[in-house]
Structure formats: C-alpha cells, structure tokens
Amino acid sequence: MLDTKILSGIEASHALYDSLHDRIHTLKEKGITPGLAAILVGEDPASQIYVRNKTKRFDALGLKSDLYRLEDSVSQKELLDLIAKINADDSFHGILVQLPLPKHIDSDKVIHAIDPKKDVDGFHPENAGLLSIGRPRFVPCTPKGIMFMLKHFDVDLNGKHVVVVGRSNIVGRPVSVLSSLKSLGNATVTLCHSGTSDLKHFTQQADVVVAAMGSPEFLDASFIKEGACLVDVGINRIERDGKSVIVGDVNQPSVTGKASSLTPVPRGVGPMTIAMLVENTIVSAELLLLN
Ligand code: NDP
C-alpha cells in the first residue's frame, strides 16, 4: 500500500496568491488596479456560486471586480453590446462571461466578441491558437492551474506519459497541449475521449492521469498503475445516503493506497481555477504596460 499524497489546491493557490502581492503592488504604484468585469446571465445557482467565489477573491486582494447581472431573457445583441462597452473600458483588464449561457445565445459568438487581450478565460480562438503553436498568452484557468499545481508539488512531467481523459476546449485539450510543450511539461501525451476504445489500456500506462470527463467516480483503482499521480478535475453532484455531495471523476477511496498522489474534490483543482483567473487578469494589466 502506498501512502497517497493529497495535493491540496488550497495550499497551492495560497502559494500563488503570496507571489502575486508584489506584482499587484508594482502595478498600483503605476496607477493601475487590475480589473475584472464578470458577466452572469440568468439565475443558475451553480453559476452564481462560481461567480461569487471568483469576485470575492478579487476583492480580498484589493483588485477591481464588477459583476454585471443580466436577465435570462437578455438578447444576444444586448450581451454583445455590453461586451463591446467593456472592451473599450480601460479600467477592465479581464472579461469573464460565466458559462453556460441560455440556449438562445450563441456562446461562440459571445466568446469571439471578447477582446482577445482581455480574454482572461483563454477561450478566444486567438488565444487557443497561440497556445497550440506553443506561444501561450491567456491559457484557460483550469489547465493553467493544473500545471501550476503539479509544479508546486514537484510532480515532474519531463519524459513522463500523461493520459488526459476528456478533450473539451476548457480543460482536456489545453492540458494535453501544455503537458506536451517542451518549455512546460515535455511529457508524452495521450488524449482520450468517449470514442477511445479500451480506455483502461491507456490509463494503466500513465504516470499522470488527468480526469476531466464529468462522470462521477468513473476511474477506480483498476484504471491506474501503482504510483500514478491523479489529477481529478471532475465536479459532479450526486445523491449519497440521502445527501447531495460533490465527487470527482476518480473514485478516490478506491485509488487511495495505489496512486502516489491525488488532487482531492473539493479543494483540489477548483481553487486553482479561481487563482489563475486572478493571475491572468494581472498578466493582462502587465501586458498593457509593456505595449
Ligand atoms: P465536457 O462535458 O465538455 O467534456 C467531457 C469530456 O470527457 C469529453 O471530451 C468527453 O468525450 C469525455 N468523456 C466523457 N465520458 C467519457 C468516458 N466514459 N470515457 C472517455 N471520455 C469521456 O466537460 P468539461 O471538460 O467542461 O468538464 C469536465 C469535468 O470537469 C466536469 O465534471 C466539470 O464540472 C469539471 N470542471 C471542473 C473545473 C474545476 O475548476 N475544477 C473547471 C471546469 C470543469 P467526447 O468529446 O467524445 O464527448
């Protein structure tokens, strides 16, 4: 039985926040307070919690964050007009549109309308393109947080086999690109998805598994090799013993004792996602000074 190390996202995120104070101070000395405009459409309870947690962190660090709350019935044009207004407002260095959007709004159109230089979520095609050619500017927050966490806990990817399960543009695909970049991970990467036949064949070879599928507790001990590091990105709400609980994509009790390390759910990757949104907004303000 291995003594599985728990990789705390709370610890790693605080290490990042500690490193940001000097950068925030330097910007403020130059009269710049990094600012985020967060747009929330509708009343989805989970989205409300996510946005509140994000803006709370900006407030705690003395940064600017304004929340724009729009009715579920807002038209696409009204939303695009608001984005155009924020694009032109120099006090905002980052724009976050909380997803998912109501069905009558084309999310791609909205993402494409954000000024790529304020795209702190890293979803704009210009930023996705820069990442794919190995010149990352704004990297999506969850993958960037995963990379920070692995480095913080000395999980060396160099020459290792990383198996990513899930190919979304928000998590899986950018993690696979980051892990493979020579300057960052330098790992050999396999990207799996629902069309992968015999998923186990791949995960059992992995030194590091990144589980980003959205399937509660799907990956149990039979999927992994002894000593693997497991990054559990999933956030799944399930009913257990009459209670509503949040679990990841990894069956954590099953892999404990077989994995060398594991990110918990909650308090694993989640806090890193917020921390990286703050970092990206600071990067945006710093880039403005350079240009
Ligand atoms: P998506 O639903 O967009 O993507 C899921 C991916 O997993 C798809 O590529 C899908 O394949 C693949 N997949 C699903 N089931 C299987 C399976 N049985 N075998 C292999 N591949 C499978 O989800 P997201 O990437 O947005 O999110 C993934 C999870 O991470 C969710 O639980 C989400 O809540 C969580 N999340 C957590 C964050 C955090 O901060 N901790 C941030 C963002 C997301 P295919 O492409 O073929 O459909």
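The lining of the second largest pocket has 12 nonpolar, three polar and five charged residues. In this count Ala, Val, Leu, Ile, Met, Phe, Trp, Tyr, Cys and Pro are nonpolar, Asp, Glu, Lys and Arg are charged, and the others, Gly among them, are polar. This is a predicted model, in which local features need pLDDT of at least 70 and side-chain atom pairs pLDDT 80 or more, while totals for chains, interfaces and linings use all residues. Numbering runs from 1 along each chain as its sequence is written, and side-chain values use heavy atoms, without hydrogens or water.

**Second largest pocket**
- Its lining comprises 20 residues, and Lys144, Met147, Phe148, Lys151 and Leu184 lie nearest the centre.
- Helix 6 gives the most to this lining, with six residues.
- Helices here are DSSP runs (H or I, at least four residues), and strands are E runs of at least two, numbered from the N terminus.

**Largest pocket**
- Its lining divides into 28 nonpolar, 13 polar and eight charged residues.
- Helix 2 supplies the largest share, 10 residues.

**Ligand**
- The ligand is surrounded by 21 residues (a heavy atom within 4 Å).
- The closest are Arg167, Ser168, Ser194, Ile235 and Thr273.
- By class, this shell holds nine nonpolar, 11 polar and one charged residues.
- Helix 10 (residues 269–290) gives the most to the shell, with three residues.
- A polar side-chain atom of Ser194 lies 2.5 Å from a ligand oxygen atom.
- For Asn236, a polar side-chain atom is 3.5 Å from an oxygen atom of the ligand.
- A backbone N or O atom of Val233 sits 3.4 Å from a ligand nitrogen atom.

Conventions: A polar contact is a pair of N or O atoms within 3.5 Å; within protein, one must be able to donate a hydrogen and the other to accept it, and residues adjacent in sequence count only if both atoms are side-chain atoms. On a 1 Å grid over the protein atoms alone, a cavity is a set of points where a 1.4 Å probe fits but cannot get out, and a pocket is an open set with protein on both sides within 12 Å along at least five of seven lines; lining residues have an atom within 4 Å of a point.
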